[in-house]
Structures are given as C-alpha cells and as structure tokens.
Amino acid sequence: MTKHLLKTTAATAGIILGLAAAGTAWAQDAVNLRMTIWSANEAHLAMFNEIAEGFKATHPNVSVTFEPLPFDSYTTTLTTQIAGGNPPDLAWILETTAADFVNSGALAPLTDAFAATEGYDLADVSEKATALWTKDGQLYAYPFSTSPFAIFANNDVLKAAGAKTPAELIAAGEWTWDNAFASAATVGQSGKTGLVVRDFKFQTWQNLASIWNGWGAAPWSADGKTCTFTDPAMVNALTAIHKAIFTDKAMPGPGEDIDFFAGETGMTITQISRASLLPKENPFDWDLVPLPAGPAGEYSVVGQAGVGAFAKGANKDVAVEFLGYMTNAENSKKLAQFFPPARASLLNAETLASTNPLLSPEQIENVVISGIANGTVLPGHTNFAQIQQTIRAGLDSLWVPEADVAAVLANVCSSVSPLLAR
Amino acid sequence: MSASASPNQKRPFWTIARRDAAAGYIFIAPQLIGIIIFVLVPLGLVFWYSLHEWNVLAASFNFVGAANYQMLLADPNLPQVLVASAIFSAGLVILNMSLALLLAVLLDQKLKGMVVFRTLFFSPVVVSLVAWTIVWSFLLQNNGGINGMLAMLGIEGPNWLRTPTTAMISVVVVQVFKNVGLNMILFLAALQGVPKELYEAARVDGTGAFKQFRRITLPLISPTILLTSIITIVGSLQVFAQIAVLTQGGPGMTTTVLVYYLYQQAFQFHFFGYGSTLSILLFVIVALLTFAQWQLRKRIVFYEN
C-alpha cells in the first residue's frame, strides 16, 4: 500500500514537474507584461495599447496588459498585489508615495537602461521633474505626467453673482488670493458655490498645497524631518483658508460634495488634465488661469505621476526595456496628448496646442508651460500614508467654525513629529 | 478489535467501525477542508506574521519576536481605538436588539398586511452593504437629504459625519437599520414558538400584558436572545465597510474602530506585521466575549434544550 502510494506520488510529481518545465520554456518565448494604471479612460487605454503594439515590432514575443485599478484605493491594491506575491511588472506611482517606492528598493534602476536606448535623450527630461523619482543619481520611475494645478473659472456664474472674473483681475494686475477669495465669497454669498479645491474633501489635505504654497508654507522642512505646520506662513495660510470657508462662505464646508464641472460653481483648483470634464452640452463660459499670487508672490504647483518597473519581477529586463520604449522621445509625444510632458523639447506652444485643442495659446503659455517649468511638486514623504492619516485626523478639528487655528496646528505637529523624525 | 481473535487470522482492515468513521469523515470533508484552508491556516499565518516585521515594498520579512506585541502595548492610538470600538459595539447591540425585539413583537400580531411589513423591515438585510452605505453617505452629507428634510421643518441639522458625536451615532444607526431585520426575524420565529396556552392561562389569572411579556415571553425566547446577542456583538466588532465609506475613521479618530485601524496599519501604511498583531488582539477580544456570554447562559437562559 505504502509502496503503491509512493509510486503514484512519484509519477504525479514527474508529470507536474514536466508540465512546469514545459511551462517555463513556453514562458521564455512569450512574455506578457502587466502594468497597473489608475485610468480607465478608453482613449488612454487605446493609446497605451498602440504603444505596446509598436513595441511588438522589435519584440514580437512581448505583449503588455494594462490593468486599470480604482484611483481611490490604487496604492493599497498595488501593495496588496505585491504582498500576495502577484506584483505587476510595471506600475504607475503617485507623487505622494514616490518616496516609499523609490527608497524601498522595490523598483529597478532605469538610468543606465535609458542611456543605452537609442534616441532616448534622458537629458531632455527636466531635472526638476525627475528629482522626486531619483535616488543617488539613479532614476527609479519616469515622471510621465507633470500636470500643473490651475484655476478653472465659470464666468457665467461669476458674472451673475456680480463678482470679478479672474481674467478681469489678471488684466488689472490684481490676481491675488485676497481678490480671488473675495470673488469666490461674492459667489458663495449669492447662494452658489465660490471656489472648490477639487478632490480635497477635507481629507486629501495635501491638495491645499495649491493654495498654501502662495504663502510660502510647507507641511515639513526640506529634509522632511521637522513639522512646519506651526510656522507663521502655514498658520497665516490656513487662517486665510479657514476664514474663506467659515466666515466668508467663499469655499464649501466639510460634508458638501460639489462638482465644478456641473456648472454651478464659480472657480475650482485642479489639474489642467481635467479640461476633459468640461461639459460638451450646455457649455458655460469657462476660463483657465494660473494660480493667483499669494503673500509670498507668484508660484505654481504640479502633481506628478511616475511609472516604474519592479526590481523583483520575473521579466524585469523586458519591463525596463518596454519602459524605455514607452517614454522615448517619440512616444512621449503621444503620451503628451493626455499627460503634460516633462521633456523640454515638448514644452512648446506648438506641440501642446495640437495635443490640448481646448486650450488657447495664452492658456498654454501662462498655465501649462510656465506651470511645468516653475512648479513645485505636491508634498510627499517616506511612509506618506501614515503621515497623511495622522495629519488628516489632526486637521479635522480645524474644519469647524470656532477652530483655534494655531492650537490645532500645534496639535498636528505634536502628533506627526515622531513619524517625521523616524 | 477483540484481543481474543486468533493472531493467525488476518482481520480485514475495513471493520464496520472504521467504515462508519470513514463515511463520517467523507461527509464532513467539504466543510472541514474549507475550514482548514480558509480559517485555520490563515489564522495560523496571521499569528506567524504577527511575529515578523514585513515591509512589502522592500520585500523584507524579519522575525522580530514579541516586538509587535510590545508596540501594541505602547501604541498611543490604541486606547482611543478600543474606546471607539466599545462605544460602537455597545450602541449597536443595545439599539439593534431592542429595536429588533420591539419590531418582532409588533409584527407578531395577527393583522392584515403583516407580511408586507415583515418584508419591508427585512429587505435591507439582502441589500448590498456598500450600496446601502453609499446611499446613506449621500443622505448624511451636510447638504444631503436628511438635512434637507430637517430644513423643511425649520430645523438646522448637524453636520452628521463631521461632528464627533453625530458621526458615531450615524454609523451605528446606519448599521442597525441594515441588520435589524435579521434579528427581528429570529425573534419573530422564537415568539411564534411560545405556546399560546401559557398566555391564555396567564390571562385567566388576570396577568397584564407587560407582566406576560416579562414572565412568559422573555424567558421562553431567552435562548434566541443569547444567540442574537453573540452574533450581533461579534458582528459589531468586525464592522468595516460602513466606517470606510461613511467617515474613514474621522473626524479625528472618533470612529476609528479596531478593524478599521487594523486595515489602515496593514493595507494603507503597509505594516502587515503590526496589522496581524492587531488581528490577534481582535481575535482574543471576540473569543473572550463569546466565552463570557456562553457562560452567562447558565444564569439567564431558561428552558434550554
């Protein structure tokens, strides 16, 4: 009986091993790369598939699958896949989690491989754009999207409320946060919504950088070790934002979900790629303008997305090669249709006009080109998710009418300091 | 099995007893294999992970012994989290059980159209939890449906999900409305199992309705009360989706209950080792509570078969 069992087991094992060996041999022939992305936009997918098809010309055995994951839980889903032993070969990475991915050693280095790719010209990609994705001189993810934050205005709503439009303020040389908040307050007090910081929702506080950078404020010091929520610049900036929300009704309060593109809001701060949400039917008179100047002067803020290859993937080398192909000078032009490029050679009105047909030449020059060239990236940090949640919990007590801004921010710093100092 | 059988005579392997046992094991195999693969092995793994520091991105997995458990004892957030869990569970169990019993007693009456009401109260149980919660999240917004209705009555409603007290109340009530139907049906079944003669005898003796309920109904349905209270408490400790959809643990950390905190640590902050330690804590709490309730049954449950 035992002998028989042994024989059977051995035979079964032989068959399975044989199959496995055959499987490996087969896998060497055909490589299927998987890239997780957070866009389910069909036009985006069509473009990616087109690039993947182009890669087939030189690598007929390689196919690429693009796997859209929901944006809200993107990083969680991605890390769960990694923890479950099923990591993708390539992945989009949000700027806020860039430090986690770049510093952990999870990603494969790209600089040498890109340098060896013919016609890649890595020097064309601005250093400012790659800073977040670089460690010890090695690039670990390519910033394929560098999208400036800007203000979309609904001139119909603004004019109906008797508020000055951004264009009027810019023409008069008065495009400052004081005046922008004043216009928004006029709209807010007329019963509509003045100004919405898109996706902020009193949770994603890092999006407020699009306002507080105008005060020269930052959540932590440049080395990331010290909490700077208690610095005067931040206290002043958040006092202004608090006043705009609770006293002047210039911005909607917590628990009010309002979409600018539905047409009932004066202004919104968001990335220029959201122009695709402008209504085609019943369009309103819209404008796109740079962020107003703050007490610290003019500034701009960009959001970035990177794409990297996993160092431990079975097809790492092919994945890096595909990444080099996907982001080379030629394909970057295709990517620029949807994702503002970080390549100097593409940052001109001509290229961007053909890829952003909705925008006027002035808008491209003032918002897109100067935004990308001068923009500071949204704040990020190693262990960002925990830091983000800790600060979110602390800031919750700021979002009530009677909040004591300085006291709340002191609490924020005392709870987040141990995490920053790590 | 008898020792007196001749040693030369080879006994057949498949004795009746063994055959019966094998048949029994085959019958329970589907369930047993499922429990081993999906419950016992993961449980063991979670304990194993809780002894490790596991950084998913760096792919490091190091044995750290009791370090995660020391971290648990020193975690400054944990007291707040446990208090939030206790408030949530207490609120949920009290509200759910009393409402379910009240509804069951009302729906136990022999009136026309009772089936419609029973269906009505039970229907939320079969609705998808996340869909249910998302609808409520719209209703509970500051400019949402509930405050809209209150405004029509001239009342300025609170910002339900953004004020600490009302946020907790909202999460509890949304969960109670979702699941009260299930307990209601269990109570209803128990009520209908109470012999009608007892009430008749009580009426003959001139016992009032409330006394009948206290002296006859409650004791006779006490096994069901115990069962539902265990299910409800265990369920309340595992609440997750409602918190994730409605409050994300806020405002501050007022609605960060243990399971949500565990999720944050493991899946958002990527501390899988510490997350596993928190699940062990949750397991111990649930096990202790269930054990305590089971012990209590000797004192409070009557007429148990």
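Predicted model: local features only at pLDDT ≥ 70, side-chain atom pairs only at ≥ 80, totals over all residues.
Student: Let's start in chain A. How do β1(A) and β2(A) run, and how many bridges join them?
Tutor: They run parallel, with 7 bridges between them. β1(A) covers residues 31-37 and β2(A) covers residues 62-68.

Student: Which residue is the bridge partner of M35(A)?
Tutor: F66(A), in β2(A).

Student: What unit do β1(A), α2(A) and β2(A) make?
Tutor: A β-α-β unit, and a right-handed one. The helix, α2(A), spans residues 42-56.

Student: Switching to chain B. At what angle do the axes of α1(B) and α12(B) cross?
Tutor: Roughly 125°, and the axes come within 7 Å. α1(B) is residues 16-49, and α12(B) is residues 272-300. Because of that angle, α1(B) is oblique to α12(B).

Student: Left-handed or right-handed crossing for α1(B) and α12(B)?
Tutor: Left-handed.

Student: Which residues meet there, in α1(B) and α12(B)?
Tutor: From α1(B), V46(B), F47(B) and Y49(B). From α12(B), F272(B), G273(B), S276(B), S279(B) and I280(B). The contact has 5 nonpolar residues, 3 polar and no charged.

Student: Now the contact of chain A with chain B. How many residues from each chain?
Tutor: Chain A puts in 24 residues, and chain B 22 residues.

Student: Which elements of chain A give two or more residues to that side?
Tutor: α3 (74-83), α4 (98-104) and α16 (384-395) of chain A. α3(A) gives the most, with 5 residues.

Student: And how does that side of chain A split by class?
Tutor: It has 8 nonpolar, 11 polar and 5 charged residues.

How values were computed
Residues numbered from 1 in each chain as written. Chains lettered and ligands numbered in written order. Pairing = 2+ DSSP bridges. Helix = DSSP H or I, 4+ residues; strand = E, 2+ residues; numbered from the N terminus. Right-handed = clockwise from strand over helix to strand, strands pointing away. Axes fitted to C-alpha atoms, helices over the stretch in contact; angles between N-to-C directions. Parallel < 35°, antiparallel > 145°, perpendicular 65-115°, else oblique. Left-handed = near helix turned anticlockwise from the far one by under 90°. Contact = placed C-beta atoms within 7 Å. Nonpolar A, V, L, I, M, F, W, Y, C, P; charged D, E, K, R; others polar.
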